[in-house]
Structure formats: structure tokens, C-alpha cells
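Hi,

Here is the structure I promised to pass on. Have a look at it first, and my notes on what turned up follow below.

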Amino acid sequence: MSMSSPSDLLTDARGKLFASYAAPPRVVSLVPSITELLFALGLTAREVVGRTKFCVHPAEAVREVPDMGGTKTVHADRVREAAPDLLIANIDENPRDLIEAMDRWKPQPWIYVTHPTNVDDALMMIRDLGRLLGVADRAERLLTDIADAREALADIPRESALYLIWRRPYMTVSPATFVHAMLREAGYAHVIDDAWLDARHLEDGSRRYPELTLGDIAALRPAHILLSSEPFPFGPEHIAELRAGLHPFDEAYAGEVSIDIVDGEHYSWYGPRMREAFRSFAART
């Protein structure tokens, strides 16, 4: 790593300090959206030496990068063999015990942990990673593109919505998530708020991605129910299933509510995918 003054140091989500590299190091990314970001910042398969099986963008480039397993089921031995200088992880995506075990490796790779919970966090993360990797100019150009795409959403109207990420049980997102922030950007007022969560006395572990029943959904009466394409792969058959499930609770609502499958990458991937998401949101309105 290059020598830096304290003011030049970067801080990750765990409060660890990092100095910038003079040139991109050997990186293993355990976060699909960040793998895409690395290539958008100009890194190649020479520098990105490991990724998860869910890192599918950009398709041509990631084919050349060794697979380290799933985001929750990383093959630590493969990561060791890749001998990265830097490993990038995420609090939501990767198990804490795995990251802490890698902290104890000798020699130890630098482990940079991310945790953006809103759009501004994600934009700052792009800037920080650009500085960390020695590609700050490329990061600033990407941020300009994202800002231009976002500008078209300034006066977008808002309609109530419920975003579902899982089935059996149904699960949604809390206001403390990046997805919740992107729903607002897309023109939705998410019906899951802190008051709803407080009334259920949920503990921290279940509060971030809470479960809810068909009765809960009928009581909330969102104008739109959005079924994410990931992590659960909702399909057309699940629209019919959900509508039929709501019928006994509120027949009129079950018949009229808008239920659609949406591209989960547009709501949960931070990095260059945000630019595409904002353009998609603007086109919808």
C-alpha cells in the first residue's frame, strides 16, 4: 500500500482504516454488485482474482474470474489459493464468522467491509472504493453518470407499495435497507415503516428483513405489491398464488391490487447498476 497521511485514510463499515493503493491490487470480491463495480472502474481479470457464483455481471469479464462459492457459502480454501491483497465483503451478504476467521489468516489480506443502507451511502462507497483502488477519476465519472440519471427522478410522484424478497415465509425489507431507499427513488412509499416494526417488537435480527403474513399484507393494503426477482426467484405463478391467498382476507382488495415482478438488481445492487435503475424508474413514470 502507498504511504498516506491520516487525512487520506479511508474507513470501512467496521471502522477499519485503509490507505489507498497506487494501482489496483489483487482483489477477491464476495459481493455481486461490487464485482460489477470493480470492472466498471476499469479493473480486469488480472486484478479481480476471485468472485462468488452470484457475481454474473459483466458476463464476459466474470467468466475469466475464479468462482469462490456462494456469498453465504464461500470456499475459504479457494480464497487462500487466490492470494488476494484485498478482499471486499458486505455485512448483509457475507457471514460475520467467515470474515472474522479471515481476519486471523497469516498472511492476512486487507478485508474491506461495506454496508450501504441508502443511496448516499452507496455513492460514498463508490467514491471511497475508487480512491482505495487508485482509480478515483473513473469513480468520479461513474458518479456523474449516476447523478445525471437520478436527476430525472426529482419530481416523481409516490404510491404505496410492499416489496417482497422471499416466499414461505413472505419477507420484506425495513427502512434501514438500501432496497427501501431505492423504492423511494422509484416513486414508491413503502408500507413497512418503523411504527409497523415497533408494534411487532421485533429483535434486531428479524427487524431488518421482517416476515409477514397474508393477513398482514391485506391489512396494510399497499396499492402495489412488488415481487423481487431475487433472492427468491418469483415468477408469474406466484402472482396468482398471492392473489388467491389474499382473497379470504379481503376479496375486493385481492382483485384490484397491482402485483408485479420487478428486477431485483435495480433495487438491491449498488454501483453502475444504480445508473440503469434510475433510467428504468424514469422510463416507468
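Helix H1 lies across strands E3 (27-29), E4, E5 and E6, and its direction is at about 140° to E3. For reference, helices (H or I, at least four residues) and strands (E, at least two) are DSSP runs numbered from the N terminus; contact means heavy atoms within 4.5 Å; and angles run from 0 to 180 degrees between N-to-C directions, with axes fitted to C-alpha atoms, for helices over the stretch in contact. H5 lies across E5 and E6, at about 165° to E6.

This is a predicted model, so to speak of local features we need pLDDT of at least 70, side-chain atom pairs count only at pLDDT 80 or more, and totals for chains, interfaces and linings use all residues. Residues are numbered from 1 along each chain as its sequence is written, and side-chain values use heavy atoms, leaving out hydrogens and water.

Now the sheet under those helices. It is open, with four strands in the order E4-E3-E5-E6 and parallel pairing (two strands pair if DSSP finds at least two bridges between them). E4 (48-50) and E6 (110-114) are at the edges with a single partner strand each, so one side of each has no neighbour in the sheet. On average, neighbouring strands are turned by 30° against each other, direction ignored. E5 and E6 run parallel and are joined by five bridges; Leu 87 stands opposite Ile 111 in E6.

Then the inside. The largest nonpolar core has 53 residues, and Ile 126, Tyr 163, Tyr 267, Met 274 and Phe 278 touch the most other members. (A core is a set of buried Ala, Val, Leu, Ile, Met, Phe, Trp, Tyr and Cys residues joined through side-chain atoms within 4.5 Å; buried means under 20% relative accessible area, with a 1.4 Å probe and protein chains only.) H5 gives the largest share of this core, seven residues. Phe 278 has contacts that include Val 119, Ile 146, Met 182 and Glu 185, leaving aside residues up to four places away in sequence.

Last, the largest pocket: its volume is about 850 Å³. (A pocket is an open set of points on a 1 Å grid over the protein atoms alone, where a 1.4 Å probe fits, with protein on both sides within 12 Å along at least five of seven lines; lining residues have an atom within 4 Å of a point. Points are joined across faces, edges and corners, and the volume is the space filled by probe spheres set on them.) Of its 29 lining residues, Asp 92, Glu 93, Glu 230, Pro 231 and Ser 268 are the closest to its centre. H13 gives the most to the lining, three residues.

Cheers

Methods
Buried < 20%, exposed > 50% of the residue type's maximum accessible area, 1.4 Å probe, protein only.
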